[in-house]
Structure formats: structure tokens, C-alpha cells
Amino acid sequence: MTPDMSDVTRAKHGRPVHHWRRDLVELAALFTAVAVADGVANLVGHGPDGPALLVVSAVALVATAAFHTWWSRRHGHAPPVGDTGARPLPEGQQAGPSETDTAGGANTLWRMRTTVKDEPGSLAALCTALAGLRIDILSLQTHPLAQGTVDEFLLRAPADVDAAEVTRAVAQAGGEGTWIERADAHDLVDAPTRVLGLATRTALDAAELPLALRQLLGRCTIRSLPALSPGSGRAEEGAPVEGALEDTVMRLRAPEGGVITVERPYLPFTPTEFARARALVELDARLGPRIPGSQDVLTLPKGEAITVRRADTSDLEAAKEMHDRCSARTLSMRYHGPVGDTHRYLNHLLSPRFGRTLAVQTASGRIIGLGHLLWDGDETEVALLVEDDWQRRGIGNELLGRLVTMAVEAGCESVYAVTQASNTGMVAAMRGLGLPLDYQIEEGTLVITARLDATPVTSRLPYGQAGTRGTRD
């Protein structure tokens with residue numbers, strides 16, 4: 001809705017707005033009076049008809065004054081229609097959402113932040129500037145700072161109003177450090193409802209915490225660092241128990257002792273955002289390790305029944321046993337390094353803090369395959385490992401399809417896989433997704449990136465619904 005101003009004809013300091021037409025008429029009248037007076041003075045002083053001309057000049061001055069009085073009374077308090085874009089409604093019609101739409105109802109949603117001085121009238125000036133562009137304010141949040149206030153708006157603007165025009169109007173109204181980006185229908189949910197929804201997702205699944213933080217804070221980069229580096233075993237740099245806020249970077253203490261770093265270089269975090277993020281992390285810490293308990297039972301082409309389910313650090317020993325049954329070639333294809341160090345990475349890979357893991361197990365409960373979806377800053381990596389005796393039975397394709405489906409549901413724009421050019425199985429599985437692929441060689445390894453915003457992934461059984469069906473070989 002457009003903010004309701006008490007008097008649109010008033011400036012922000014309360015004085016009436018003077019319009020250029022009125023000023024022009026007053027100036028013309030003054031010049032006319034001066035010119036007439038000067039002419040009359042010359043004629044009176046040098047001509048024979050001085051008294052008659054003096055009377056004529058007096059009549060002219062009286063007529064000018066009368067005209068000025070009439071003009072002021074008629075136009076002095078007219079609303080500045082040209083300045084605000086306001087138009088009178090038909091008699092009896094009340095203003096509604098349709099009156100704010102442009103022809104055809106086209107409009108655009110914007111999310112905008114700007115910093116204003118913490119003084120009376122600053123917000124009113126912003127609202128007046130937005131109303132002048134026929135922009136509706138759908139929601140408003142304020143973030144008090146030590147110096148000034150950050151105002152966060154959800155705006156609905158006519159389609160012909162672009163971002164540059166909005167930021168220019170805001171700057172003229174006193175806004176500084178303005179940031180604006182396109183919004184969508186999901187942003188129409190009010191802030192308390194959105195935070196409660198993110199808390200619910202986090203409570204149900206520990207792997208949702210990084211995604212919840214990203215949706216809470218907008219476009220940002222989130223990295224999780226373990227307490228110990230999985231490769232070297234050295235301790236990573238920690239964070240204070242209460243967390244740390246440093247302009248565009250916040251560091252939060254993870255429940256297991258690691259650090260969650262959130263970075264947003266284009267806009268500093270506010271204390272309000274820091275408090276919300278810390279509350280989500282504290283909720284996750286109090287609930288402890290947890291993953292959804294649902295699983296899917298599938299039948300392979302040769303008749304073997306397998307189960308696909310979520311995995312976490314409780315599956316560490318079973319995963320190590322699968323490593324011991326894998327050949328050195330299979331492990332080197334997966335980890336791209338010395339096979340003797342592979343056990344070191346498992347605790348990190350299985351932690352929900354760093355992504356999601358799917359495990360494939362036989363009817364006896366033995367794990368024969370692992371698929372990882374790893375949050376890597378603002379990117380997402382997929383990785384697969386299938387035990388030698390169970391390869392080329394469609395298990396890798398099944399895992400990859402489910403992981404990519406999870407990435408789509410999480411709002412990821414792309415996923416990438418790091419492998420070797422000789423790993424024809426992984427290359428074939430990525431090509432089987434039916435998505436646009438980019439291939440790059442980096443330091444002797446092949447990086448395949450699949451863009452998720454193009455063609456949908458082949459339909460898979462929704463995760464969390466039990467069922468039985470065959471997989472493709």
C-alpha cells in the first residue's frame with residue numbers, strides 16, 4: 001500500500017510548497033509595476049500632461065494589485081498534481097490495489113535497503129519520494145544502528161520504473177548506501193512468519209541450517225569450517241561463543257566446535273540480522289544431531305533390494321568398512337589423492353553441517369554406496385562412491401539424480417563434480433541428467449558443472465516417500 005501522507009502539499013519542514021507558475025506571475029507583475037512607474041516619472045517630469053498620466057499610472061497599479069490578489073486566492077493552495085503523479089478518482093470510488101497498477105496491471109517487485117539519518121521526518125521523506133513514482137510499500141523493517149537507521153522495503157513498482165530511477169529518488173530524499181534487487185512472490189511473506197518457517201526447517205533437518213541462513217540473510221556466501229582440518233588434523237581458527245560481527249562478515253560458533261562464516265560484501269550486516277542468525281544456530285545446537293528418518297526401498301534390475309536413505313556421522317564406522325572393501329583405483333577416482341588418507345575425510349563428509357549425504361545399503365544393512373551434496377560457499381558439489389562389486393548397476397545414476405533433485409529444491413543454480421577424465425562412469429552419469437554441462441580442466445582434474453535453471457532433471461521418486469521400483473542400469 002502507498003503510505004498515507006497527511007498533507008502532500010507540504011515540504012518536509014512543514015512549509016507550503018511554492019509553485020513556479022505563481023512565482024512567475026508575481027515577478028512579472030513586479031517588473032510591470034516598476035516599468036510603468038519609471039515611464040510615468042519620466043513623462044511627468046518632462047511632458048505637459050503630467051497630472052493625467054499620474055492618474056493613469058495609479059489606476060494601472062491598482063489593477064495589477066487586484067489581479068495579483070485574485071491569482072493568489074485561486075491558485076495558492078492547489079495540490080501539486082504534476083509533482084506527485086496523483087489523479088482524482090471518480091466520485092464514490094475508493095482507492096484500491098488496482099489504482100496503483102499501470103496500464104494492464106504490470107508491476108515489478110523490488111527488495112531495497114537504504115540508510116537514513118535517525119531523525120524525525122527521514123522516513124516520511126523516503127515514503128514521499130516513493131509515492132511520487134507510484135510505488136507501493138508492501139512491507140517495511142527498520143534496523144537501528146549506532147549512527148542512522150537501515151530501512152528495508154519490499155516494493156511494488158510500475159513495470160516502467162527501473163532500479164536506477166528508484167535509487168535516484170531515494171538518494172534525493174536522503175537515503176545513503178542504497179541496495180536494490182528484484183524480489184519474487186516468496187518475499188511477500190512477512191518477516192516473523194519467514195523466520196518461524198526457517199526455524200522449523202532447521203529443527204527437522206540439521207543439514208538445513210546453511211540454507212536457512214542464506215534465505216534469512218539474502219544473497220551471501222556461507223562456509224562451514226570444522227574444528228580440525230580433515231586433511232592435516234590442525235585446528236582451524238575458532239570464533240567466540242557469542243559470535244562476532246565485523247561489518248560484512250559474521251562468524252558464528254558451530255555446535256560441534258567449528259565455525260560458520262557468513263559473508264556479504266555488498267551490504268553490511270545489521271545487529272538485528274546478526275541476532276536472528278545466532279538464534280538459528282543456537283536452536284540447531286540445542287536440538288543436536290538429527291536427520292529425517294524416511295527411506296526408499298528400490299529393486300535393481302537383477303532383483304536385489306536396496307535401501308536409499310539419509311546418512312550422518314552415526315554411519316561413520318559402516319562407511320569406513322565400505323572404504324576397506326573398495327579398491328585403490330576406486331578410492332583414487334573419488335578422492336584424487338593418497339588412498340591412505342581417505343578415512344580422515346569421512347567425518348567431515350557425513351556431517352550435516354557441510355551438506356547432505358545419501359547412503360545405499362543392502363537388506364543386511366551393509367553400506368555399498370555414498371552420495372554427497374556439499375555446500376561450497378555459494379556453489380554446490382556432488383560426489384559419488386560405489387563399492388566395486390556393485391558398480392554398473394544404476395546405483396550411481398540413482399544417487400546422482402536424487403542429489404541433484406535436492407539441489408534444485410534447495411534453490412541451487414548449479415552443481416559441479418570433480419573427477420578424472422578416465423572416470424567414464426561419472427562422466428556418463430552427469431550426461432545422463434539431461435542438463436547443460438560445462439567442462440573445465442583444472443590442475444589435471446576434470447570439473448563438470450551442470451546448470452539447474454535450464455532443463456528439469458529426469459523425474460525421480462520424491463525423497464521421503466517410501467516405495468519400490470526398479471532403477472535403470
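Here are some friendly questions and answers on a sheet and its neighbouring helices in this predicted model.

Q: What makes β7 and β8 count as paired strands?
A: Pairing asks for at least two bridges between two strands. Strand β7 (residues 249-253) and strand β8 (residues 259-263) are joined by five bridges and run antiparallel, so they count as a pair. Within this stretch, Arg251 stands opposite Thr261 in β8.

Q: Why are β5 and β6 said to stand at the edges of the sheet?
A: The open sheet has four strands in the order β5-β8-β7-β6, with antiparallel pairing. Both β5 (221-225) and β6 (244-246) have a single partner strand, so one side of each is left without a neighbour in the sheet. On average, neighbouring strands here are turned by 15° against each other, direction ignored.

Q: Which helix lies across β6, β7 and β8?
A: That is helix α8 (residues 271-287), which runs at about 25° to β7.

Q: Which residues make the contact of α9 with α11?
A: From α9 come Leu316, Ala319, Lys320, His323 and Asp324, while α11 brings Thr342, His343, Leu346, Asn347 and Leu350. By class, four are nonpolar, four polar and two charged.

Key:
Residues numbered from 1 in each chain as written. Predicted model: local features only at pLDDT ≥ 70, side-chain atom pairs only at ≥ 80, totals over all residues. Heavy atoms only, no water. Helix = DSSP H or I, 4+ residues; strand = E, 2+ residues; numbered from the N terminus. Axes fitted to C-alpha atoms, helices over the stretch in contact; angles between N-to-C directions. Contact = heavy atoms within 4.5 Å. Nonpolar A, V, L, I, M, F, W, Y, C, P; charged D, E, K, R; others polar.
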